[in-house]
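This report goes through the fold of one chain, the contact between two chains, and a few local features. The sequence and the structure come first.

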Amino acid sequence: MKLKKRSREVAEVPQAGMADIAFLLLIFFLVVTTIDVDTGIGMQLPPPPDPDQEPPPIRERNLMNILVNARGQILINEERASLHEVRQLVIDFVDNANRAQDPNLSEDPRQAIVSIKTDRQTPYEIYIDMLDEVIGAYRQLRDEASMREFGIPYRQYQARVSRDDNVIREMYPQNISLAEPDPGS
Amino acid sequence: MSKFQKKQANTKQQVPTAAMPDIIFMLLIFFMVVTVLREVELQVRVDFTRADNIEKIEQKRLVSYIYIGPEILGGGRYGDTRVQIDDALVDDIYAIRRLMYDKLMEEPRLIVSLRVDQQSEMGIVSDVQQELREAGTLRINYSTLRGAQAPM
């Protein structure tokens with residue numbers, strides 16, 4: 001009996017096609033990739049209303065009522081206004097204690113509440129434009145305070161301190177109330 | 001025989017290709033990591049509105065989306081405004097409460113991103129917000145693009 005010793009084939013994976021396979025996969029991922037960042041306006045909703053508890057009393061001067069109807073017309077504290085005036089009005093209202101000290105506007109930025117109310121038919125776009133202006137007003141106030149106190153813009157300051165130590169945030173809390181919309185016509 | 005023989009470099013004129021798969025693999029891995037496969041099939045139309053004072057959502061894992069917009073009927077037609085969560089349209093708006101509560105239990109730091117079509121009316125958006133309040137998912141984000149506001 002003859003036992004032939006077979007010469008073993010060298011087990012090798014062919015490497016030539018590897019690059020092609022990798023290319024194919026690469027192209028697939030290139031095509032399906034969408035590098036999109038989620039951006040938007042962050043808000044904190046109030047907790048659900050407790051039926052047993054009365055809402056806390058708010059002095060009239062600390063509340064800014066913004067009404068937006070279905071046609072985008074704006075009523076601020078019973079007076080008509082246009083969208084590009086809103087920012088300045090909100091700033092005047094919130095920061096009243098450090099500015100004009102008008103007895104009809106808020107006592108203190110911490111107590112100031114901006115209430116936004118819409119009709120059910122109001123387009124979302126108009127509502128967001130409105131919210132954008134109000135947030136913009138707060139951002140401006142915080143920026144000014146941060147420059148005054150620390151000499152840096154608010155964004156930089158915010159990155160440096162933790163949320164609990166943020167004195168600017170405490171100084172100008174964003175008290176925005178989203179009222180339930182009117183049923184409308 | 002001419003004296004001036006052309007001098008030829010002895011080196012081979014070839015780009016070394018041995019490392020090519022590695023480079024490709026590296027690119028591949030990069031794209032695999034950044035890819036977010038589209039996880040839902042949109043059944044409503046969502047055209048984002050624009051705003052200036054916006055922030056980025058850093059932790060994408062915490063985000064859950066609610067889509068609000070006109071239902072896509074096909075053939076370029078749109079139906080009534082509907083709410084979509086994950087892959088399904090929500091028929092009963094009061095079901096949102098339980099759905100979102102379950103999600104909140106899974107992820108206590110949940111952020112709800114509202115992706116609303118710019119032409120939707122505030123009524124339905126507000127109804128959804130009331131449901132979110134009941135569910136206890138209070139951190140929300142109105143998804144918008146960066147850019148100049150549309151003139152009013």
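Among contacts in chain B between residues at least 6 apart in sequence, what percentage join residues at least 24 apart? The value is 70%, where contact means heavy atoms within 4.5 Å.

The structure is a predicted model, in which local features need pLDDT of at least 70 and side-chain atom pairs count only at pLDDT 80 or more, while totals for chains, interfaces and linings use all residues. Residues are numbered from 1 along each chain as its sequence is written, chains are lettered from A and ligands numbered from 1 in the order in which they are written, and side-chain values use heavy atoms, with hydrogens and water left out.

**Chain B**

Chain B holds three helices and seven strands, the helices (H or I, at least four residues) and strands (E, at least two) being DSSP runs numbered from the N terminus. Read from the N terminus, the order of its elements is α-β-β-β-β-β-α-β-α-β. Of the 152 residues in chain B, 42% are buried; here buried means under 20% relative accessible area, exposed means over 50%, and partly exposed lies in between (1.4 Å probe, protein chains only).

**The interface of chain B and chain A**

The size of an interface is often given as the accessible area lost when the parts come together. Chain B and chain A bury about 4,700 Å² between them, with 59% of it on carbon and sulfur atoms; this buried area is the accessible area (1.4 Å probe) that two parts lose on being put together, summed over both. In terms of residues, 52 of chain B are in contact with 49 of chain A.

The rule finds one salt bridge across this interface, a salt bridge being a side-chain nitrogen of Lys or Arg within 4 Å of a carboxyl oxygen of Asp or Glu. It joins the side chains of A:R120 and B:D127, at 2.6 Å from N to O.

On the side of chain B that touches chain A, the elements that give two or more residues are helix 1 (20-34), strand 1 (49-51), strand 2 (55-56), strand 6 (111-116), helix 3 (122-135) and strand 7 (139-146) of chain B. Helix 3 of chain B provides the largest share, eleven residues. By class, this side divides into 26 nonpolar, 14 polar and twelve charged residues, where Ala, Val, Leu, Ile, Met, Phe, Trp, Tyr, Cys and Pro count as nonpolar, Asp, Glu, Lys and Arg as charged, and the others, Gly among them, as polar.

**Strand pairing**

Two strands pair if DSSP finds at least two bridges between them.

| Strands | Sense | Bridges |
|---|---|---|
| Strand 1 (residues 39-44) of chain A and strand 7 of chain B | antiparallel | five bridges |
| Strand 2 (residues 63-68) of chain A and strand 5 (residues 113-118) of chain A | parallel | six bridges |
| Strand 2 of chain A and strand 3 of chain A | antiparallel | three bridges |

In the pairing between the chains, A:Q44 stands opposite B:R139 in strand 7 of chain B. B:N141 also belongs to strand 7 of chain B and counts as buried, at 3% relative accessibility. Apart from its neighbours within four places in sequence, B:N141 has contacts in both chains, including A:T39, A:G40, B:I57 and B:I111.

Within chain A, A:L67 stands opposite A:K117 in strand 5, and A:I66 has A:I76 of strand 3 as its bridge partner. Strand 2 of chain A has a covered face, made of A:M64, A:I66 and A:V68, and an uncovered one, made of A:L63, A:N65 and A:L67.

**Local features of chain A**

In the hairpin of strand 2 and strand 3 of chain A, with five residues between the strands, A:G72 takes a positive phi near 85°. Positive phi values in residues other than glycine are found at A:N77, near 45°, and at A:E78, near 70°. A:N77 is in the loop between strand 3 (74-76) and strand 4 (79-81) of chain A, and A:E78 lies in the loop between strand 3 and strand 4 as well. A:N77 is partly exposed, at 30% relative accessible area, whereas A:E78 counts as exposed, at 69%.

A:D182, in the segment after strand 6 (176-178) of chain A, is partly exposed with a relative accessible area of 33%. Leaving aside neighbours within four places in sequence, A:D182 is in contact with A:K117, A:T118, A:D119 and A:R120.
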